[in-house]
Amino acid sequence: LGAPSAPTCPGACSTSVAEGLTPEHSQVSGDKDIPAINQGLISETPESSFLVEGDIIRPSPFRLLSVTSNKWPKNIGGIVEVPFLLSSKYDEPSRQAILEAFAEFERSTCIRFVAYQGQRDFISILPMSGCFSGVGRSGGMQVVSLAPTCFQKGRGIVLHELMHVLGFWHEHARADRDRYIRVNWNEILPGF
């Protein structure tokens, strides 16, 4: 894992999702469970919560002033490397689910999750409370929380949180969402 299998990235590593890579198409999807898992982390008023949309770390207002791109950079061969630290507190099945998620990205994209070796920007995957991450590269150490409950239904939630790390928001938050989904506004809780 982590080593590029080819010098270039077939398909030029676009920002679209590779077919079959979304958590909905993974072995078992756990997306429906993220709100239940994170319920204790979300305050009654969404505006005051550190999470937005249930599992995304609220971006810092100072991030808007940063000149750093939130995209993980491509190397000369077109490969996007995301350095990671993986907590030693994970049991073997959880560790395996994370490594399998990395491998799934490698099979379908030009993304390579590589072991941290002092890079300035990296993700630190920890078994904190809940399942959450930031969207895109935030600079420096970037926390990805994958609590033990995030693994109860396979690697779907792991893939979901790693998609956020790569820069993807939830489908309902896309600017072009109305072309693809119908929002049932009467089902949305006030404040969300």
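**Entry 1: two helices**

I began with the residues that join two helices: Ala97, Ile98, Ala101, Phe102, Glu104 and Phe105 in α2 meet Val158, Leu159, Leu162 and Met163 in α3. I took contact as heavy atoms within 4.5 Å. Sorted by class, the contact of α2 with α3 has 9 nonpolar, no polar and 1 charged residues. Here Ala, Val, Leu, Ile, Met, Phe, Trp, Tyr, Cys and Pro count as nonpolar, Asp, Glu, Lys and Arg as charged, and the others, Gly among them, as polar.

I note that this is a predicted model, in which local features need pLDDT of at least 70 and side-chain atom pairs count only at pLDDT 80 or more, while totals for chains, interfaces and linings use all residues. Residues are numbered from 1 along each chain as its sequence is written, and side-chain values use heavy atoms, with hydrogens and water left out.

**Entry 2: the crossing**

I looked up the geometry next. The axes of α2 (residues 92-108) and α3 (residues 156-165) come within 9 Å and cross at roughly 55°. That makes α2 oblique to α3; angles under 35 degrees count as roughly parallel, over 145 as roughly antiparallel, 65 to 115 as roughly perpendicular and the rest as oblique. Axes are lines fitted to C-alpha atoms, for helices over the stretch in contact, with angles from 0 to 180 degrees between N-to-C directions.

**Entry 3: α3 itself**

How many residues of α3 are buried? I found 10 of its 10 residues buried, among them Gly156, His160, Glu161 and His164. Buried means under 20% relative accessible area, exposed over 50%, and partly exposed in between (1.4 Å probe, protein chains only). After α3 comes glycine 167, whose phi is positive, near 115°.

**Entry 4: tyrosine 116**

I found tyrosine 116 in the loop between β4 (111-115) and β5 (122-126). Tyrosine 116 counts as partly exposed because its relative accessibility is 29%. Leaving out residues up to four places away in sequence, tyrosine 116 touches Pro83, Phe84, Leu85 and Phe122. Valine 82 is 34 residues from tyrosine 116 in sequence, and the two are 8.6 Å apart in space, C-alpha to C-alpha.

**Entry 5: the whole protein**

I counted 3 helices and 7 strands, in the order α-β-β-β-α-β-β-β-β-α along the sequence. Helices (H or I, at least four residues) and strands (E, at least two) are DSSP runs, numbered from the N terminus. Of the 192 residues, 41% count as buried. Among contacts between residues at least 6 apart in sequence, 65% join residues at least 24 apart.
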